[in-house]
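Biologist: I would like to go through this structure with you slowly, one question at a time. Could you show it first?

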Amino acid sequence: MSKKIDIYTKLFGLILTLMALKFLFSYLNVELGWWLRNLFPNYLKFNPLGLPKNTSEMIEFALLPAMVSYLALSYRSLGVLRLPLLLIGVMLGLNLITMFTTEQDFLGSIKYTLKIAAPIFFFCVLVVHYKRTGNSMEGLLKKALVFFSVLIVIALLIFNESFNRGAYRLPVYFSGLHTHSYVLTICFVVASYFLRKNIFVLIGFFGLSFAFLALGYGVRTIMVFYLLYIAVALYLRDDFIKNAYVRLVVLAPVLALVVIPSLQGFDFDRFSSGRLTMYTKKFEILKDYTFTEYLFGRGRGADYVRTTEWWYDTKGSHNDYLTFFVENGAIYLLVFILLILSFLFLVRRSHIIFVVLIVGYLLTSAISNGFAVRALASYWLFTFLAFIYVQHLKGKFSFG
């Protein structure tokens, strides 16, 4: 028995080490882009070991087998966690069908599924480990928060500036401006949990952190996610805010009558960075699909096209649901949605914070390339979800 426990402990330690290295070397992936082409890249300035740019991605080839091995050894302890793992297996099976029907390569065919699945594997590893040991997960959560915060500060102090939506932005560490913004936002979410006891401190933190996110990076999708979380967190925390929400609901029809007329002539396509043009293009493509293609898609890369808005480069849909439909088919898309929704049924009474984070995950995929295809950010999100789940099973999680 002691040998088994030792195997679990060593595997878990290996997984955490690989995860830390994955985040540590993620700065090597940061691309400067056209507007910053005259700057010297960070991966050349700050790479004394001469590591390849894709080091963070290469670590995944060790991390995934380690997590799968841990879960295989822990099969009897998985319980209800077998459901999401089963759905991931179905998605991989559908990828293989798409691979054979489109003659795509194997790794390219399963790439999206691995991005979706890896953070869920990590969630399961964390839940099983802390259920088995009975230890508190709070210490790990705090250490991770400090680790990410230090890396963010390092980037702010010495890394190159970034660029987004026509403006120069703050430096980034984690793979790119968008993924960095996602990781940063989950840092804010986790920090808010530890600051929740004082409502005035919490409100001040939310105001400052949202301003930092908006002015520093300007990534709208994650700002919507964070606003949704803030709204629910404050609702749970204060009765005055609950009453304010009720008044807003009552006034909503009046506000709509004022706002809607002002939107006439508003260029929604430009505001959405060409998403409406892209969606139109994709629906035109889908009209030509065969029945088999509707079921299993056209394979990896089918989502990338040029449009009148994105004439200078091929772009994806900026909507994960549409991307999965175009590349992997309707069945795959349905199973993906069921996979994420399955987390809402892991316990009989899910905490509302857990629910809003799952809804937020799905929302980011609806309006952009969300958490589903940003595994680095998703690892951090599912770490906090695992903490909530473990605490909830013990009856100890509360945001009040």
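Biologist: How many disulfides does the count come to by the rule used here?
Modeller: This is a predicted model, and a disulfide is counted where a pair of cysteine sulfur atoms lies within 2.5 Å. Cysteine 124 is buried, with a relative accessible area of 0%, and cysteine 187 counts as buried at 4%. By the distance rule, the number of disulfides comes to 0.

Biologist: Is phenylalanine 100 buried or exposed?
Modeller: Phenylalanine 100 lies in helix H4, and its relative accessible area is 63%. Because a residue over 50% is called exposed, phenylalanine 100 is exposed.

Biologist: How does methionine 58 count by its relative accessibility: buried, partly exposed or exposed?
Modeller: Methionine 58 has its place in helix H3, which covers residues 55–73. Its relative accessibility is 43%, and since buried means under 20% and exposed over 50%, methionine 58 counts as partly exposed.

Biologist: What distance separates the end C-alpha atoms of helix H12?
Modeller: Helix H12 has 12 residues, 275–286, and its buried residues include Tyr279 and Ile285. At 1.5 Å a residue the helix should span 16 Å, and this agrees with the distance between its end C-alpha atoms, which is 16 Å.

Notes: Residues numbered from 1 in each chain as written. Predicted model: local features only at pLDDT ≥ 70, side-chain atom pairs only at ≥ 80, totals over all residues. Heavy atoms only, no water. Helix = DSSP H or I, 4+ residues; strand = E, 2+ residues; numbered from the N terminus. Expected span 1.5 Å × (residues − 1). Buried < 20%, exposed > 50% of the residue type's maximum accessible area, 1.4 Å probe, protein only.
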